[in-house]
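Subject: The structure we talked about

Hi there,

Here is the structure I promised to pass on. Have a look at it first, and then read my notes below.

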Amino acid sequence: MASLGDLVRAWHLGAQAVDRGDWARALHLFSGVPAPPARLCFNAGCVHLLAGDPEAALRAFDQAVTKDTCMAVGFFQRGVANFQLAS
C-alpha cells in the first residue's frame, strides 16, 4: 500500500503534467498508484477525456463512483463520457 506521502506526490506530479498538457505522463503517474482513491480515478478520467479517449474515461469514472457513491461530479463526468461515445 502506498503511503499518503507517495499518493500526494503522485497526484502533484500528475497535476503538473496535466498543466503542461502531457496526458501520457499524467496517466502514467495516476495509474501507478496501487488501489487509487476515488479522487485519483476521477482525475484519470478527466485526463482521458482531455486526451480524447472517452472509453477509458468512462472506465475511470465508473471506478470513481464505485469507490465513492456520493461523488456527484463523477456521475456528471460519466455522463459527459457517455455523451461523447454516443456522438
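Predicted model: local features only at pLDDT ≥ 70, side-chain atom pairs only at ≥ 80, totals over all residues.

Helices here are DSSP runs of H or I with at least four residues, numbered from the N terminus. The axes are lines fitted to C-alpha atoms, for helices over the stretch in contact, and angles run from 0 to 180 degrees between N-to-C directions.

Residues are numbered from 1 along each chain as its sequence is written, and side-chain values use heavy atoms, with hydrogens and water left out.

The pLDDT, the predictor's confidence in each residue on a scale from 0 to 100, averages 95 over the protein chain, and 99% of the residues score at least 70. Confidence is lowest in helix H1 (residues 4–20), with a mean of 94, and highest in helix H4 (residues 54–67), with 97.

Back to H3 and H5. On the H3 side, Phe 42, Cys 46 and Leu 49 meet Val 73, Gly 74, Gln 77, Val 80, Ala 81 and Gln 84 of H5, where contact means heavy atoms within 4.5 Å. Sorted by class, this contact has six nonpolar, three polar and no charged residues. Ala, Val, Leu, Ile, Met, Phe, Trp, Tyr, Cys and Pro count as nonpolar, Asp, Glu, Lys and Arg as charged, and the others, Gly among them, as polar.

H5 also packs against H4, at an angle of about 155° and with the axes 9 Å apart. That makes H4 roughly antiparallel to H5. The residues of H4 that meet H5 include Pro 54, Leu 58, Phe 61 and Val 65, and their partners in H5 include Phe 75, Arg 78 and Leu 85. By class, the H4 contact with H5 has eight nonpolar, four polar and three charged residues.

Gln 77, in H5, is buried, with a relative accessible area of 16%; buried means under 20%, exposed over 50% and partly exposed in between, using a 1.4 Å probe and protein chains only. Leaving aside neighbours within four places in sequence, Gln 77 is in contact with Phe 42, Cys 46, Leu 49 and Phe 61.

His 48, in H3, counts as buried at 17% relative accessibility. Beyond its neighbours within four places in sequence, His 48 touches Leu 27, Asp 53, Ala 56, Ala 57 and Ala 60.

And which residue has a positive phi although it is not a glycine? That is Ala 35, with a phi of about 50°. Ala 35 sits in the loop between helix H2 (23–31) and H3, and is exposed, with a relative accessible area of 71%.

Best wishes

How values were computed
Helix = DSSP H or I, 4+ residues; strand = E, 2+ residues; numbered from the N terminus. Parallel < 35°, antiparallel > 145°, perpendicular 65-115°, else oblique.
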